[in-house]
Amino acid sequence: SESIDSANAVRKLVSVDKVDLVFGSVQSSNTLAGAPIAQKAKVPHLTPASTNVKVTEVGNFVSRTCFIDDFQGAVMAKFAFNDLKAKKVSVIVDNSSDYSKGLAKAFIDEYTKLGGKILEGDLAYQQKDTDFRSLLRKLKRDNPDAIFLPGYYTEVGLILNQARSMGIKVPFLGGDGWDSPKLQELAGAEGIKNNFLSSHFSPDDTDPRVQEFVRDYIKTYKAKPGAMAALGYDGILVVADSLKRAKSFKNTDVQTAINSTKDFIGVTGAITIDANRNAKKSAVVLETTSKGNIFRTKVSP
């Protein structure tokens, strides 16, 4: 999952394959690498999961069907301050990720506005790092009430595992990049306890539409769906709905249809794409356990 490969993939799709629409990517850094190429070629580009604020600022042919980091960052800041009563928080950032840096900024802005204190410290890592003990020793000395860790589950799981083995017991909080069944496996039985994340979807939602999706997903993949599965499912349904409504398959007609999506009911909630080509949607806060994520609360925009 490299940004340069994402850019090359989009370049091939628009110049060689002559596609009518590009769907993806998941990671914001990858979408930010590919979206300018689609924008320049005036090919509609729809991401189901890239939450960095800058994604849709690339241009009018770039849209998304998920909420943005400004929203989920504020959700987790309020949860830390109001629900967990955390008065001082450390923030660990993946310096190689636009997603991580954007989400960290949104959290810090809201948390300090509420009156919380951000503990300073050089707490940063790079994707594909595997040993975080030096970073965690610094964090342990700071003695925070909670730790905000906006990253992807691949590194987050290892950080949780190593933190608990070093005696760091305070809650970790994160965003939708945590939301994968693999997180439990990487974090281990102790690492996964007493942590919280914001996400787009909970398989425990009692909505009949959600439960039908969960049953079909388990039947096919032998595991409960995470947020990325649900977002991908809804995103491609919005594509199909837009193509049905479009006057033609011309690029401008397809993009107009995507951007006029209103109250489309998916498994992640109602999807309306606003004037900035972002989706206004609710977020859920989940607690991580060894048996999976538990629904804690739902927050509307």
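**Entry 1: salt bridges**

I counted a salt bridge where a side-chain nitrogen of Lys or Arg is within 4 Å of a carboxyl oxygen of Asp or Glu. Lys280 is exposed, because its relative accessibility is 52%. For these labels, buried is under 20% relative accessible area, exposed is over 50%, and partly exposed is in between, with a 1.4 Å probe and protein chains only.

I note here that the model is predicted: local features need pLDDT of at least 70, side-chain atom pairs count only at pLDDT 80 or more, and totals for chains, interfaces and linings use all residues. Residues are numbered from 1 along each chain as its sequence is written, and side-chain values use heavy atoms, with hydrogens and water left out.

I then searched the whole structure and got 11 salt bridges. Side chains of opposite charge can pair when their charged atoms come close.

One of the pairs is Lys128 with Glu2, whose closest N and O atoms are 2.6 Å apart. Lys128 sits in the loop between strand 7 (124-125) and helix 5 (133-142), and Glu2 in the segment before helix 1 (3-15), so this pair ties together parts that are 126 residues apart in sequence. Helices (H or I, at least four residues) and strands (E, at least two) are DSSP runs, numbered from the N terminus. Lys128 is exposed at 60% relative accessibility, and Glu2 is partly exposed at 37%.

I also looked up Lys224, which forms a salt bridge with Asp204; the closest N and O atoms are 3.5 Å apart. Lys224 is in the loop between helix 8 (208-221) and helix 9, while Asp204 is in the loop between strand 10 (195-199) and helix 8, so the pair ties together parts that are 20 residues apart in sequence. Both ends came out partly exposed, with Lys224 at 46% relative accessibility and Asp204 at 37%.

**Entry 2: backbone angles**

I went back to Lys128 for its backbone. Its phi is near 80 degrees, a positive value in a residue other than glycine.

Lys42 also has a positive phi, of about 55 degrees, although it is not a glycine. I found Lys42 in the loop between helix 2 and strand 2 (45-47). With a relative accessible area of 49%, Lys42 is partly exposed.

Which residues does a cis peptide bond join? I found Gly24 and Ser25, with omega at about -5 degrees. Ser25 is in the loop between strand 1 (22-23) and helix 2 (28-41).

**Entry 3: two loop residues**

Is Asn278 buried or exposed? I have it as buried, because its relative accessible area is 9%. Asn278 lies in the loop between strand 12 (269-271) and strand 13 (283-289). Leaving aside residues up to four places away in sequence, Asn278 touches Thr56, Arg64, Ile68, Thr272 and Ile273. Contact means heavy atoms within 4.5 Å. I also took one distance: Asn278 and Asp83 are 28 Å apart in space, C-alpha to C-alpha, and 195 residues apart in sequence.

Pro150 is in the loop between strand 8 (146-148) and helix 6. Its relative accessibility is 0%, so Pro150 counts as buried. Its contacts, again without residues up to four places away in sequence, are Ile92, Tyr99, Ser100, Leu103 and Ala104. I read 7.8 Å between the C-alpha atoms of Pro150 and Lys101, which are 49 residues apart along the chain.

**Entry 4: helix 6 and helix 7**

Two packed helices are described by the angle between their axes and the distance between the axes. For helix 6 (residues 153-165) and helix 7 (residues 182-191), I got an angle of about 5 degrees and axes 8 Å apart. Axes are lines fitted to C-alpha atoms, for helices over the stretch in contact, and angles run from 0 to 180 degrees between N-to-C directions. Helix 6 and helix 7 are therefore roughly parallel to each other. Angles under 35 degrees count as roughly parallel, over 145 as roughly antiparallel, 65 to 115 as roughly perpendicular and the rest as oblique. Among the residues that meet are Tyr153, Val156 and Leu160 in helix 6, and Leu183, Leu186 and Glu190 in helix 7.

**Entry 5: a nonpolar patch**

I noted that Phe23, Tyr233, Ile236 and Leu237 form a nonpolar patch on the surface, with about 320 Å² of accessible area together. Patches are made of residues with over 30% relative accessible area and no salt bridge, joining like charges within 9 Å and nonpolar side chains (Val, Leu, Ile, Met, Phe, Trp, Tyr) within 5 Å. Accessible areas come from the Shrake-Rupley method with a 1.4 Å probe, and for residues only the protein chains shown count as cover. Helix 9 (residues 227-245) gives the most to the patch, with 3 residues. Tyr233 lies in helix 9 and is partly exposed, at 37% relative accessibility.
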